Amino acid sequence: MECSVPGTVAQRLRDVLARIEAAREKAARPPGCVRLVAATKNVPPSKIELALDAGLSIAGENRVQEALSKMAALKARPVRWHFIGQLQRRKVRSIMGLFELIHSVDSLELAQEIDRRASQSGAVQDVLLEVNIGGEASKAGFEPDGLLGAMPALAALSHIRIQGLMTVPPMTADPEGARPFFSHLRRLAQSIADRNLPSVSMRELSMGMSNDFEVAIEEGATLVRVGTAIFGARHG
């Protein structure tokens with residue numbers, strides 16, 4: 001059941017895309033530098049199809065089994081899949097080669113497992129490193145200082161390509177409350193980029209969701225993960 005967000009899926013998608021473009025222009029950033037990842041957790045394939053018909057190109061899934069069933073249902077559609085949820089090491093094998101980008105690599109051990117599985121299949125997997133930018137005990141991710149220390153070991157993995165960073169900042173009632181966390185992630189990415197590590201790019205910053213994606217864009221987001229503003233509230 002949808003609530004709180006009026007209009008059809010197509011109308012809401014167009015509204016979100018317009019808001020992304022307005023935020024990009026406000027920040028004087030170049031056209032095409034921000035992409036929408038529609039967060040499709042608990043959204044049925046039929047509703048995802050409505051968004052695809054309206055111009056969506058990237059869907060982001062949080063759960064492996066749910067993602068696999070939707071991929072099967074939508075295999076005839078030209079949709080690109082990103083994994084945006086917490087990934088357990090034991091599930092890595094089942095998703096290799098299926099996702100264009102994994103946003104949520106939250107530990108060196110997970111990165112090593114992805115690297116191992118990608119090596120076995122002769123592939124190289126693009127990933128983002130998840131950063132617990134607010135230092136919250138309830139959230140996964142590298143601590144900023146810990147990530148800097150882990151970068152040499154991460155850069156040595158030959159079957160992953162590190163494309164940037166991802167974060168989920170602490171919840172705030174005012175979207176402006178998230179700005180310092182987004183700014184922190186951008187500065188952290190720059191400090192990593194300055195090291196010129198092999199197979200490490202900081203071209204992507206995955207940050208910003210339905211309640212704060214415009215602020216995230218102003219602070220440098222290249223990927224925004226938006227679900228509720230497109231599909232309405234979901235449960236589960």
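The dialogue below takes a loop, some strands and the nonpolar cores in turn.

Mentor: Ground rules come before the details. This is a predicted model, where local features need pLDDT of at least 70, side-chain atom pairs count only at pLDDT 80 or more, and totals for chains, interfaces and linings use all residues. Residues are numbered from 1 along each chain as its sequence is written, and side-chain values use heavy atoms, with hydrogens and water left out.

Trainee: Where does Ala 27 lie?

Mentor: Ala 27 sits in the loop between helix 1 (9-26) and strand 1 (35-39). Helices (H or I, at least four residues) and strands (E, at least two) are DSSP runs, numbered from the N terminus.

Trainee: Why does Ala 27 count as partly exposed?

Mentor: Buried means under 20% relative accessible area, exposed over 50%, and partly exposed in between (1.4 Å probe, protein chains only). Ala 27 counts as partly exposed because its relative accessibility is 26%. Contact means heavy atoms within 4.5 Å. Beyond neighbours within four places in sequence, Ala 27 is in contact with Ile 217 and Glu 218.

Trainee: Which side chain of opposite charge is nearest to Arg 29?

Mentor: Glu 204, at 7.8 Å. Lys and Arg count as positive, Asp and Glu as negative; His and the chain ends are not counted. A salt bridge needs a side-chain nitrogen of Lys or Arg within 4 Å of a carboxyl oxygen of Asp or Glu. Arg 29 is buried, yet has no salt bridge.

Trainee: Which backbone oxygens lie by its side chain?

Mentor: A polar atom of the Arg 29 side chain lies 2.8 Å from the backbone oxygen of Ile 217. For the backbone oxygen of Ala 221, the distance to a polar atom of that side chain is 2.7 Å.

Trainee: How should I read a strand?

Mentor: In a regular strand the side chains alternate between the two faces of the sheet. In strand 8 (residues 223-226), Leu 223 and Arg 225 are buried on one side, and Val 224 and Val 226 are buried on the other. Two strands pair if DSSP finds at least two bridges between them. Strand 1 pairs with strand 8 in the parallel sense, over four bridges. Val 37 stands opposite Arg 225.

Trainee: Which residues touch the most other members of the largest nonpolar core?

Mentor: Such a core is a set of buried Ala, Val, Leu, Ile, Met, Phe, Trp, Tyr and Cys residues joined through side-chain atoms within 4.5 Å. The largest has 68 residues, and Leu 147, Leu 154 and Leu 165 touch the most other members. Apart from it lies another core, of eight residues, including Val 37 and Leu 223.

Conventions:
Polar contact = N/O pair within 3.5 Å; in protein donor to acceptor, adjacent residues only side chain to side chain.
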